[in-house]
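Here are my notes on this one, written as numbered points. Have the model open while you go through them.

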Amino acid sequence: MTSHQGSPAPGSAKKQLILNAFVESCSGHQSPGLWTHPRDESSNFNQIEHWVNLATKLEAAKFHGIFIADVLGGYDVFNGSLDAAIRSGAQWPVNEPLAVVSAMAAATKSIGFGVTVSTTYEQPYHLARRLSTLDHLSNGRLGWNIVTGYLDSAARNLGHTEQPRHDKRYEVAEEYMQVMYKLFESSWRDDAVVKDVEKRIYTLPDRVREINHTGKYFNVPGPHICQPSPQRTPLLLQAGTSRSGKEFAAQHAEGVFVAGHSPSVVAKSIAETRELASTKFGRNPQSIKFLSLICPVLGRTQEEAEAKYNEYRSYASVEGALALLCGWTGIDFGKYGDEEELRQVESNAVRSAVEGFAHLAPGVPKWTKWTVAELITIGGLGATPVGTPEHVADVMEQWVAEADVDGFNLAYAIFPSSFEDIIELLLPELRKRGLFWSDYTVPGGTYRENLYSVLGQRGPPDEHVASSYRWKAGVSKEDHIIPGSQGE
């Protein structure tokens with residue numbers, strides 16, 4: 001089922017696209033089973049060279065960043081078991097994402113690193129230290145993908161019987177962000193570290209303060225154990241299209257990750273989030289950069305691309321795709337028969353999900369659980385355009401025109417060949433159209449400077465909530481009031 005999407009409307013505005021590679025510390029990631037392809041090297045994720053080679057290759061091509069997904073549990077919804085995920089290698093096994101950043105940062109100068117960490121299972125004081133440390137070691141090239149989690153398997157392994165309810169997770173995340181901003185921005189004055197050798201003073205005590213956060217979910221006296229890092233608050237990334245997720249993004253996110261097989265699937269959510277950012281939180285709605293999942297399969301001709309796509313499909317694991325789909329949706333499709341028409345089952349959730357897929361592939365006569373899974377074997381829930389660089393660039397322009405996205409998280413079918421095809425075939429076409437830069441706006445700069453293409457934008461923009469917490473140089477402790485507190 002190949003994606004053949006058209007061109008954008010004539011005269012549509014050109015955006016300089018933000019491009020991240022979308023990966024996870026596992027084999028296959030969005031294309032389960034493709035680790036069996038003879039040219040795929042994704043199963044080398046346990047080796048540090050795997051990550052260093054990726055970072056240097058992508059930086060040479062001027063990718064903005066490497067977006068590292070993560071899960072804290074296995075995909076065990078399908079048939080109530082982990083077996084399908086274990087057998088197929090569907091995001092199993094998976095390693096911790098932060099550990100590889102230092103090695104990649106040491107081998108590069110400009111590319112950013114977005115790491116996924118959940119607010120549901122991490123204490124903010126501990127996470128703030130880990131993120132600040134990586135922001136220091138990368139010279140300000142760290143992004144934090146803020147998630148609240150979605151797998152009960154993670155909850156069971158971390159002291160819970162099941163996930164906290166959805167809105168409760170976002171309620172916790174809201175207070176979590178307040179604690180993080182206080183630690184990152186309010187705990188140390190910009191000029192606290194003086195390293196005065198003659199006076200033997202490393203840091204001036206009156207420029208470091210406790211945050212004394214006392215809340216419903218967290219009690220953190222502080223101060224932050226790390227001195228201010230180059231960005232202080234890492235670049236803030238987020239994914240979520242629920243009502244709570246959109247409100248969270250409208251206030252906090254600088255980059256939002258969206259996924260859908262067509263622009264119409266995400267356009268309304270993007271518009272609503274931008275509107276909330278403007279009307280409720282006083283932000284410039286265009287300061288939130290929306291990045292859509294896409295997994296292009298490229299060829300020098302349409303026939304070459306189609307052949308490549310069909311070859312990839314022959315190595316895919318439909319069982320693994322079904323394990324992922326059940327985990328993503330929370331629906332156990334294993335309850336339904338192999339030949340059962342899912343558009344006729346009693347579940348509204350199942351019928352609505354399947355109708356969305358059916359809209360993309362209207363020629364499919366019958367939608368069973370295996371038909372649905374086959375559709376997502378290459379690229380997961382994102383778009384999978386198949387064709388020439390010109391065709392794929394047309395599709396990307398269509399997403400910009402119709403959904404108002406600012407860029408893409410580029411997934412791979414096979415690793416690293418998919419990224420090599422993007423670099424060799426697609427990027428020259430995007431540059432020819434004026435859609436992608438030829439070099440970093442700020443070579444050696446922070447992730448935030450290069451995301452916004454603004455020299456000096458190391459911290460969040462002035463209108464962002466985090467900036468209200470900033471303890472600036474020259475401001476006394478008495479004059480700096482931490483938002484939400486009564487001062488000292």
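Which residues does Leu 17 touch, not counting residues up to four places away in sequence? Keep that in mind for point 2.

1. Before anything else, the ground rules. This is a predicted model, where local features need pLDDT of at least 70, side-chain atom pairs count only at pLDDT 80 or more, and totals for chains, interfaces and linings use all residues. Residues are numbered from 1 along each chain as its sequence is written, and side-chain values use heavy atoms, with hydrogens and water left out.

2. Leu 17 touches His 64, Met 396, Val 400, Asp 406, Gly 407, Phe 408, Leu 430, Leu 435 and Phe 436 (contact means heavy atoms within 4.5 Å). Leu 17 sits in the segment before strand S1 (18-24); strands here are DSSP runs of E with at least two residues, helices are runs of H or I with at least four, and both are numbered from the N terminus. With a relative accessible area of 2%, Leu 17 is buried (buried is under 20%, exposed over 50%, partly exposed in between, using a 1.4 Å probe and protein chains only).

3. On to S1 and its partner. S1 and S2 run parallel, joined by five bridges (strands pair if DSSP finds at least two bridges between them). Val 23, for instance, has Ile 68 as its bridge partner in S2.

4. S2 (residues 65-69) is mostly covered, with five of its five residues buried. In a regular strand the side chains alternate between the two faces of the sheet. For S2, Gly 65, Phe 67 and Ala 69 are buried on one side, and Ile 66 and Ile 68 are buried on the other.

5. Now the helix pair. The axes of H13 (residues 389-403) and H14 (residues 417-432) come within 9 Å and cross at roughly 60°; axes are lines fitted to C-alpha atoms, for helices over the stretch in contact, and angles run from 0 to 180 degrees between N-to-C directions. That makes H13 oblique to H14, given that under 35 degrees is roughly parallel, over 145 roughly antiparallel, 65 to 115 roughly perpendicular and the rest oblique.

6. Who makes that contact? From H13 come Pro 389, Glu 390, Val 392, Ala 393 and Met 396, and from H14 come Leu 425, Leu 426, Glu 429 and Leu 430.

7. Last, Val 147 in strand S4 (residues 142-147). Leaving aside neighbours within four places in sequence, Val 147 is in contact with Thr 116, Val 117, Ser 118 and Thr 119.
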